[in-house]
Amino acid sequence: MTTWLRNRNAATGFGALILSALASPAFAQDSAAGINPTDTAWMIVATAFVLMMTVPGLALFYAGMVRKKNVLATMAQSLGAVAAISILWVAYGYSLTFVGGGASLGTLHRFMLSGMTMDSINPFAKTIPESLFVLYQMTFGVIAVALIAGSVADRMRFSSYMLFCAGWFTLAYIPLAHWIWGGGFLAQLGVLDFAGGLVIHLSAGSAGLVAAVMLGSRRGYGSENLAPHDLSLAVIGTGLLWVGWFGFNGGSALQANSRAVMAILSTHLAACAGALTWSAIEWIKRRKPSVLGMISGAVAGLGTITPASGFVTPGQGILIGVIAGGICYWACTSLKHRYKYDDTLDVFGIHGIGGMIGTLMTGIFATQSIGGVAGLLEGNPHLLLAQIVGIVVTIVWSGGATYVLLKLIDARVGARVSHEHEVEGLDITQHGEALQ
């Protein structure tokens, strides 16, 4: 999201939040004259692109990499996240994230979008209708939650996953989004995250790692053949994610302008560089570049460029993609094997590590002429320090919230399916359906 709009006054904590929610001061600006038709049209398209990233993009990407008996269950997790988070976002997520300038949380003035009109706008997006800003930001919350499912694919109960979605969205995503995008304390420290390296990728990756460790490895992990059912589905999903990322990063400019186009160009080049780098490493080490490696490298490049996309040049985007392909390959192979955690679809290795690297690269490469903020290479070491603080806070908060939630869910309903259900497959045991 654009960061130059986020310098807002610090407010009090949870008690003040409740008190302020009881009042109803004017928040949004009612000004149809401020709404730009061109920006509105672009943001409608960008919103559709980002929603497409979860369904069908992520659903196909994940489903193609699990075994046949778990394909429908994996898709159901993406669909469930879309439905649940969309409602929760409208109920209180949007208001707590983007309404009010508190250091810790926003207010409840827009609970269930109360008071929103046809012509109202949010101060963070002054040229599009507030309703469109609500919808666009909703798609980010959706995919952040949906990403986590990849770490626990093949073994988490659907009911437990849905409870986790609601809890993690409330306890982890909303605070992080407000702290970084909604004028919270990290924004006030100067942390930059153009489109979700911290808020989405690192937060989801951290949650995925904790969840994977807590649930334990899949039955037969390391001893049985757990090969993907149909990589062609994953390739199609990658293509949808890739195109959707243009709305993800380009739309984060919140206007149809040159910065949006620059972000899209850097995004595409980073994905290309990531795919080529991962493939080159496999070619050297294994003599054959795998299709799984190509799509993994592309997604690594996309996730890593995300926080930096609105702050760097296209050439720097290529360099970030190369770095992403190399380090994420290492994380998904050497690091994962050394510590023996079963992150099924490498959410931590690709999104978590990628989000972390991209956030650091933002602190190094941020270019004044593009994003209005200078990074380390332009003589501003303070930005890199702020980025490191953002990384630490995100890991600790998301990982801690995940740990607490899964402990509670496991104690009440059980987080993992039984051994018999896991062997039979989640499609039939969780949903009563199966592919023939």
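On a 1 Å grid over the protein atoms alone, a cavity is a set of points where a 1.4 Å probe fits but cannot get out. A pocket is an open set with protein on both sides within 12 Å along at least five of seven lines, and lining residues have an atom within 4 Å of a point. Grid points are joined across faces, edges and corners, and a volume is the space filled by probe spheres set on the points. By this rule the structure has two cavities of 30 Å³ or more.

This is a predicted model: local features need pLDDT of at least 70, side-chain atom pairs count only at pLDDT 80 or more, and totals for chains, interfaces and linings use all residues. Residues are numbered from 1 along each chain as its sequence is written, and side-chain values use heavy atoms, with hydrogens and water left out.

The largest cavity has a volume of about 60 Å³. Its lining includes Met-53, Phe-61, Ile-143, His-201, Trp-245 and His-351. Helices α2, α4, α7 and α8 each supply at least two lining residues. Helices here are DSSP runs (H or I, at least four residues), numbered from the N terminus.

Now the open space. The largest pocket holds about 550 Å³. It is lined by 23 residues. Those nearest its centre are Leu-292, Cys-332, Lys-336, Thr-344 and Asp-346. Two or more lining residues come from each of α9 (258-286), α10 (291-305) and α11. The largest share, five residues, belongs to α11.

Lys-336 forms a salt bridge with Asp-346, with the closest N and O atoms 2.9 Å apart. Lys-336 lies in helix α11 (residues 314-339) and Asp-346 in the loop between α11 and α12 (347-365), so the bridge ties together parts 10 residues apart in sequence. A salt bridge is a side-chain nitrogen of Lys or Arg within 4 Å of a carboxyl oxygen of Asp or Glu. Buried means under 20% relative accessible area, exposed over 50%, and partly exposed in between (1.4 Å probe, protein chains only). Lys-336 counts as buried because its relative accessibility is 7%. Asp-346 is buried too, at 18%.

The structure holds nine salt bridges. Another joins the side chains of Arg-67 and Asp-154 (3.4 Å, N to O). Arg-67 sits in the loop between α2 (37-63) and α3 (71-98), and Asp-154 in the loop between α4 (130-148) and α5 (158-181), so this pair ties together parts 87 residues apart in sequence. Both residues are buried. Through shared partners, salt bridges join Arg-67, Asp-154, Arg-155, Arg-218 and Asp-342 into one network.

A further bridge links Arg-219 and Glu-422 (3.5 Å, N to O). Arg-219 is in the loop between α7 (197-215) and α8 (231-250), while Glu-422 is in helix α15 (residues 419-424), 203 residues away. Arg-219 is partly exposed, at 37% relative accessibility. Glu-422 is buried, at 2%. Leaving out residues up to four places away in sequence, Glu-422 touches Lys-69, Asp-154, Arg-155, Arg-218, Arg-219, Arg-416 and Val-417. Contact means heavy atoms within 4.5 Å.

Last, the surface. Leu-385, Ile-388, Val-392, Ile-395 and Val-396 make a nonpolar patch of about 430 Å². Patches are made of residues with over 30% relative accessible area and no salt bridge; nonpolar side chains (Val, Leu, Ile, Met, Phe, Trp, Tyr) are joined within 5 Å, and like charges within 9 Å. Accessible areas come from the Shrake-Rupley method with a 1.4 Å probe; for residues, only the protein chains shown count as cover. Val-392 lies in helix α14 (residues 381-412). Val-392 counts as partly exposed, at 47% relative accessibility.
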